[in-house]
Amino acid sequence: MSISIWKGLLQTTKSRLFVQRGVSLYNGTHGFEEEEIKKKLQQFGGGAINLSKEDNGIGVLTLNNPKLMNAFTGTMMLELQERVTELENWKHGKGLIVQGAKNTFCSGSDLNAVRAMSSPQDGMNMCMFMQNTLTRLKRLPLISVALVQGKALGGGAELTTACDFRLMTPGSEIRFVHKQMGLVPGWGGAARLVQIVGSGPALKLLSGALKVDPERAVQLGLAEETLLSSEETRSLEEAQVWLNQYTKGPAEVIHAVKKVIAAGRELQFEAALPAEKDIFGTLWGAPANLQALAQSTKHK
Ligand SMILES: CC[C@H](C(=O)O)C(=O)SCCNC(=O)CCNC(=O)[C@H](O)C(C)(C)COP(=O)(O)OP(=O)(O)OC[C@H]1O[C@@H](n2cnc3c(N)ncnc32)[C@H](O)[C@@H]1OP(=O)(O)O
């Protein structure tokens, strides 16, 4: 078989793998034993990841560990994976807001757990576990927004980059504090930050462990806008109004929009085109398309 045919096969396989639900980046060949790390994370309890799914197709995922500024415990990492699997299978879902409880976002990993899991293998396993989960979160066929109230630090800052957009309340802050802990991002936050703001600004934010306020975040393209209210309930309402602008219409069309954009973002151009073709093919002549054709052709 010629090289060009092999290349074509590889790209088609990549584009098909890309859209499959729940595909793990890592497996045993990488030294990743998922059941082992799950047992380890289970030892570090506290907090919860709550998910409410509204009839309008908007979900609200809440990191709920306010005593520790919504720091990620081990069981919260496990629950986040469970919620992402639930969202991958939510047929009527169209949008997702990720927030923290009690008007602050997330202060990263629970340092009590971090200190107890300081072996290189534990660190690498937790890193691969969270990379898998946050990659699946970013690839959800929903339009996702991180509602940043208060502080988003360390792993919390990385979590904001695993959403399509970020909205920040007055006085809130995103800060990649990793360097100050002798670390770099490990949950995929560096790779996603480069995609969002470019390598130059990303290098400054990481090497300076810079506090990014809403105004600076908007300037960088890291946030869409500064909300009007810093009050917990009001800012969530503002975020829901903002997201509703982009989630009107049938869920299957919103899913396809997110998938073609994700393909363009993640695949080589020659692989993105067949992926886009396949996604287009699911809509052509489908109910939403036929209904639109039967109605007026004028777009308001
Ligand atoms: C770096 C990468 C790594 C990873 O990716 O896994 C991480 O994310 S490690 C964690 C990185 N995050 C931090 O270093 C943030 C540490 N926390 C703070 O800087 C402050 O707590 C802050 C700015 C979030 C809030 O400060 P404030 O003065 O408003 O409140 P307190 O500091 O009194 O915090 C209240 C209470 O929460 C506990 N807390 C806060 N963050 C964590 C955390 N990440 N892990 C465990 N516990 C946390 C803090 O200890 C206080 O508890 P208390 O029992 O009342 O003393």
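Me: How do strand 1 and strand 2 pair?
Reply: Strand 1 and strand 2 run antiparallel and are joined over six bridges. Two strands count as paired if DSSP finds at least two bridges between them. Helices (H or I, at least four residues) and strands (E, at least two) are DSSP runs, numbered from the N terminus.

Me: What sort of model is this, and how are the residues numbered?
Reply: This is a predicted model, in which local features need pLDDT of at least 70, side-chain atom pairs count only at pLDDT 80 or more, and totals for chains, interfaces and linings use all residues. Residues are numbered from 1 along each chain as its sequence is written.

Me: Back to that hairpin: which residue takes a positive phi there?
Reply: Gly 57 does, with a phi near 85°, and the hairpin has four residues between strand 1 and strand 2. Within this pair, Ala 48 stands opposite Asn 64 in strand 2.

Me: In what order do the strands of the open sheet come?
Reply: The order is 1-2-3-4-6-9, six strands with mixed pairing. Strand 1 (48-53) and strand 9 (225-226) stand at the edges with a single partner strand each, so one side of each has no neighbour in the sheet.

Me: What packs on the sheet?
Reply: Helix 3 (residues 74-88) does, touching strand 1, strand 2 (58-64) and strand 3 (95-100). Contact requires C-beta atoms, placed from the backbone, to lie within 7 Å. The direction of helix 3 makes about 20° with that of strand 1; axes are lines fitted to C-alpha atoms, for helices over the stretch in contact, and angles run from 0 to 180 degrees between N-to-C directions.

Me: And strands 4 and 6, parallel or antiparallel?
Reply: Strand 4 (residues 143-148) and strand 6 (residues 165-168) pair in the parallel sense, over four bridges. Val 145 stands opposite Phe 165 in strand 6.

Me: New topic: how many residues surround the ligand?
Reply: There are 20, and the closest are Ala 71, Gly 108, Ser 109, Gly 154 and Gly 155.

Me: Last one: where is Lys 102?
Reply: Lys 102 is in the loop between strand 3 and helix 4 (111-116). Its phi is positive, about 50°, although Lys 102 is not a glycine.

Methods
Two residues are in contact if their C-beta atoms, placed from the backbone, lie within 7 Å. A residue is near a molecule or strand if its C-beta atom, placed from the backbone, lies within 6 Å of it.
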